[in-house]
Amino acid sequence: MSRTVTLILLDATGRPLGALPSFDVPEPWWQEVASIVAEVRRRHGLDVTVLRLLDADRAAPPGGQVRYLAQTAAVAPAVPLEPVVVDLAPHPLRLPWAQAGGPDRSVAWATGELRRLGRTVTAVAQQRTWNLSAIWRLDTDQGPAWLKQLPPFARHEPEVLRRLPSLAGRPGDADALVDAPMVLAADGEGRMLLEDVPGQDRYGAGEGERAAIAAGHHPVQRRACGVVGELVAAGVPDLRGAGLADWIRERLAGHDLSAAAGLLDGLDHRLREVRDCGLPDTLVHGDLHPGNVRGDGRRRVVIDWADAFAGHPAFDILRLTEDVDADAAARLVDAWARRWRTDVPGSDPHRAADLLRPVAPLRLAAVYAMFLAAIEPGEHPYHVHDVPAALARAAVKP
């Protein structure tokens, strides 16, 4: 599957210039823009920055015919441009990097921070832009760095990353997460500059690698139990205990909840039963799947903590096992439960995981609803079908 891309160009002042001829790129995922930028440079010798999705011929990703708004510094591009009418009216929910000039301001900030650190930027490459993040790679004379810009509901990520080294333990510890992404700078407004993490995202990891991810993640959660209050005070969302039920209901208000009505009706009682299982609240990654782990054969690093929250540790093992076969998932959960029973004698991790199994997709439905409420309508196709899909999964979980 691929995408057919049409770029509507703005000049350096934000004035519309017209549409470039359409072209195909191999990646179907709408938020991935590195190949778009590279193809425009190859075809037309033109440098562009993709600002945001305008529309698509499909109701949801991936693939299809997709139109984006982009910006170029070229005064008069020597490219055939088709006249086009595009709505450039401002929107109160438009994110800074989706506005004309926004990416340039973010890259200038990152370049200045790297200069302050004694590093010279040699190349900048836009990687991704959508409602959840904007990402650029900055090559420097001392190796790559990454600029990540976050929406307001995810701005706690740099605070989490700064605390991870103390939670992970020292390199060489038998139970230490070997590494954590290093924050080089953060501006408090959503921009953060990260040191490069070598390796590959571990999509497709098998049971053995998932077992190692879970084992490495456990000491982080165990140590984080003692600093949950500090994490919440630093802005990490508080989804502990009964507060989770209120948080879910508030965000799902206005959505069709009929598929999960029974689960929602009994949610408070279910969460009280979870509490009685005896496991402490901790730092939860929130999206612990292998694609959010990078490895190079020597190190294994959990990345992308933008969905992190304070809550029950079972949510992470449930996410890590949701797309493997039932026998493998049971073995991974058994190992997770043995670790927690050792740390918290008398607790019942298995029952906690069973009780939270339908709550995990219900929480995810609320997360998607939060995304939709916080983004401009043009970007709704990224998530509009995710809420009912997650509610349907919650309804069928035992």
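**Figure 1. Buried residues of helix H2 in the predicted model.** In this predicted model, the buried residues of H2 are Gly 102, Pro 103, Ser 106, Val 107, Trp 109, Ala 110, Thr 111, Glu 113 and Leu 114. They pack against strands S4 (48-56), S6 (121-129), S7 (134-140), S8 (145-149), S9 (183-186) and S10 (191-195). H2 runs over residues 102-116, and its 15 residues should span 21 Å at 1.5 Å a residue. The end C-alpha atoms are 21 Å apart, which agrees. After H2 comes Gly 118, with a positive phi near 85°.

Figure 2. Buried positions in H4 include Ile 213, Ala 214, His 217, His 218, Pro 219 and Val 220. The axes of H3 (residues 157-168) and H4 come within 8 Å and cross at roughly 100°. H3 is therefore roughly perpendicular to H4. At the contact, Leu 164, Ser 166, Leu 167 and Ala 168 of H3 meet Pro 219, Val 220, Arg 223 and Ala 224 of H4. Six of the residues in this contact are nonpolar, one is polar and one is charged.

**Figure 3. Packing of helices H12 and H13.** Two packed helices are described by the angle between their axes and the distance between the axes. For H12 (residues 359-374) and H13 (residues 386-396), the angle is about 170° and the axes are 8 Å apart. An angle over 145 degrees counts as roughly antiparallel, so this description applies to H12 and H13. On the H12 side, the contact is made by Pro 361, Leu 362, Leu 364, Ala 365, Tyr 368, Ala 369 and Leu 372. Their partners in H13 are Asp 386, Val 387, Ala 390, Leu 391, Arg 393 and Ala 394. The contact holds eleven nonpolar residues, no polar ones and two charged ones.

**Figure 4. The largest nonpolar core and another core.** In soluble globular proteins, nonpolar side chains tend to be buried together. The largest nonpolar core here has 93 residues, and the members that touch the most others are Leu 7, Ile 248, Leu 283 and Leu 362. H12 contributes the most to this core, with twelve residues. Leaving out residues up to four places away in sequence, Leu 362 touches Ile 248, Leu 252, Ala 260, Leu 263, Leu 264, Leu 267, Leu 391 and Ala 394. Another core, of 15 residues, lies apart from the largest one and has Leu 95, Val 107, Trp 109 and Leu 184 among its members.

**Figure 5. Pro 151 in the loop between S8 and H3.** Pro 151 sits in the loop that joins these two elements. Its relative accessibility is 1%, so Pro 151 counts as buried. Beyond its neighbours within four places in sequence, Pro 151 is in contact with Leu 95, Trp 97, Asn 131 and Leu 132. Ile 317 is 166 residues away along the chain, and its C-alpha atom is 26 Å from that of Pro 151.

**Figure 6. Asp 307 in the loop between strands S14 and S15.** This loop lies between S14 (300-302) and S15 (309-311). Asp 307 has 29% relative accessibility and therefore counts as partly exposed. Not counting residues up to four places away in sequence, Asp 307 touches His 156, His 285, Gly 286, Asp 287 and Phe 371. Leu 17 is 290 residues from Asp 307 in sequence and 38 Å from it, C-alpha to C-alpha.

Note on methods: Residues numbered from 1 in each chain as written. Predicted model: local features only at pLDDT ≥ 70, side-chain atom pairs only at ≥ 80, totals over all residues. Heavy atoms only, no water. Helix = DSSP H or I, 4+ residues; strand = E, 2+ residues; numbered from the N terminus. Expected span 1.5 Å × (residues − 1). Buried < 20%, exposed > 50% of the residue type's maximum accessible area, 1.4 Å probe, protein only. Contact = heavy atoms within 4.5 Å. Axes fitted to C-alpha atoms, helices over the stretch in contact; angles between N-to-C directions. Parallel < 35°, antiparallel > 145°, perpendicular 65-115°, else oblique. Nonpolar A, V, L, I, M, F, W, Y, C, P; charged D, E, K, R; others polar. Core = buried A, V, L, I, M, F, W, Y, C linked by side-chain atoms within 4.5 Å.
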